[in-house]
Amino acid sequence: MGHSESELLDVGRIREDFPILQREFDGEQVVYLDNAATTQTPEPVVETIADYYRTTNANVHRGLHQLSQEASVAYEDAHDRVAEFVGASGEREEIIFTKNTTESENLVAYAWGLNELGPEDEVVLTEMEHHASLVTWQQIAKKTGATCRYISVDEDGTLDMDHAREIITDDTAMVSVVHVSNTLGTVNPVSELADITHDHDAYIFVDGAQSVPNRPVDVEAIDADFLAFSGHKMAGPTGIGVLYGKKHLLEEMEPYLYGGEMIQKVTFEDATWNDLPWKFEAGTPVICQGIALAEACDYLDDIGMERIQRHEEQLAEYALERLQDEGDVETYGPPAGTARGGLVAFNLDSVHAHDLSSILNDSAVAIRAGDHCTQPLHDKMGVPASARASFYIYNTREEVDKLVSAIDDARQLFA
C-alpha cells in the first residue's frame with residue numbers, strides 16, 4: 001500500500017492489551033474476526049471499569065457526598081470527551097448516552113418521529129440499512145401514516161446516488177443512512193447525502209456504528225443532524241451507546257423516557273424537563289459505561305484514528321484478494337482497492353454460512369454468520385445468509401491466512 005512504517009500500527013504491542021486473544025481452544029489460539037459485532041476490550045478500559053467500582057461507585061447528580069460528586073464529575077466529563085471524539089462543538093449538551101445504537105435510533109424515531117411525521121411525509125432509507133434503522137422507521141411510519149422509501153444499491157454494492165437525488169424530495173422529512181454497511185463494507189457518501197437532504201429542508205440521521213470505531217468521523221464536517229454509535233464496537237464496554245444531535249433539535253424534541261433525573265419540576269398536574277443532555281437520560285444512567293467509553297476514546301486516539309482506518313482497509317483488501325483467489329468463494333460489496341470498511345462478507349459454494357462458521361470454529365477462527373440484521377439486503381443479493389470476517393486494531397495478515405486455511409479445511413470436509 002506504500003505506507004511508511006510510522007503510519008502502520010504496532011499490532012504486536014496492541015495485542016498485549018487484549019489478553020483474551022491469547023486464549024486457546026483445543027490447542028489453537030483464537031483468531032477473533034467478529035469485530036463488526038463486538039470488539040474486544042483493552043486493559044486500560046477494563047481497569048477504568050474496575051477502578052470505578054473499587055473507588056468511585058455512587059449514583060450521579062443530587063448526591064452531596066464525596067463519592068457522588070466524584071462520579072458526577074467523571075460522568076459529565078465523559079460526555080465532553082465523547083463530544084470531542086466526534087467533533088461536536090456543543091459538547092455534552094449534544095451527546096446523549098443510551099444503551100446502544102438501536103436505542104439511539106429509537107430515541108429519535110419516538111421523540112421526533114411520532115410528533116413530527118404525518119401521512120404527507122416520507123422517510124428515506126437505503127436498501128443496505130441495519131434493522132436498527134430500517135425496522136424502527138418502518139414501524140414509526142406505520143404509526144404516523146408516513147411512507148418509507150429506499151435508495152437502491154447497485155450491483156457493485158454502492159448506493160445509486162442518481163436514485164437518491166430522485167427520491168429525496170420536498171416530501172422527505174428524514175433521511176436515515178448507514179455510514180459504513182455492516183454487510184457490504186460500503187462507505188456511503190454521507191456528506192453528499194446530507195447536502196441533498198438539507199436542500200429539501202429535511203434532516204439526516206447517520207448510523208455510525210461501523211464508522212466511528214475505525215475512522216475519523218466529524219459530525220459537523222459531514223453536517224449530520226443526528227448520529228449514533230455503540231461503545232462495544234470501539235474497544236469500550238457493552239451497554240453504552242451514543243446519540244449525537246444538533247443542540248437546537250434536541251432542545252425542540254420531547255423526551256423519549258420519563259422518570260427520575262430527566263425532570264426539572266414535578267407537580268401532581270404536570271412536569272418540566274431537565275437541561276440537555278439529562279432530559280433524555282431518565283433514571284440512573286450508564287455511569288460506569290460512559291466513563292469507560294471516554295477511556296476507550298482516549299485509547300483509540302492514542303493509536304490514531306487515521307492509522308486505524310488504514311490498518312482495517314489494508315486487512316480488508318488483503319482478505320478480499322485471498323478469498324477471491326479461492327475461485328469458489330463469492331464476496332459481496334465494492335471491489336478491493338475502493339473505499340471499504342474493515343469487513344468482508346462472503347459465501348463458500350454449496351456450504352451454508354452457518355455450517356461454514358461452525359467448521360471455522362473448530363479451528364478457533366471466530367466469524368459471524370447469518371443475515372447480519374440486513375434481511376432485505378440479503379434478499380436482494382439472493383442469498384439467505386453470508387459469512388462475515390471483520391477486523392480491528394489487533395488483527396493481522398497472518399490471521400487472514402488462517403481464515404483462508406480454515407475455509408480450505410471446510411471445503412475438503414464438504415467435498
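**Close-up views of a predicted model**

View 1. The model is predicted: local features need pLDDT of at least 70, side-chain atom pairs count only at pLDDT 80 or more, and totals for chains, interfaces and linings use all residues. Residues are numbered from 1 along each chain as its sequence is written, and side-chain values use heavy atoms, without hydrogens and water. Strand S17 (residues 386-390) and S14 are antiparallel and share four bridges; two strands pair if DSSP finds at least two bridges between them. Strand S13 (residues 329-332) is also antiparallel to S14, with four bridges, and Val329 is partnered there with Leu348. Strands (E, at least two residues) and helices (H or I, at least four) are DSSP runs, numbered from the N terminus.

**View 2. The two faces of S14.** Leu343, Ala345 and Asn347 on one side, and Val344, Phe346 and Leu348 on the other, are all buried. Buried means under 20% relative accessible area, exposed over 50%, and partly exposed in between (1.4 Å probe, protein chains only). Because six of the six residues of S14 (residues 343-348) are buried, this strand is largely enclosed by the rest of the structure.

**View 3. The loop with Asp171.** Asp171 lies between helix H6 (161-167) and strand S7 (172-178). Its relative accessible area is 42%, so Asp171 is partly exposed.

**View 4. The loop with Thr158.** Thr158 sits between strand S6 (147-151) and H6. Thr158 is partly exposed, at 25% relative accessibility. Its C-alpha atom is separated by 18 Å from that of His131, 27 residues apart along the chain.
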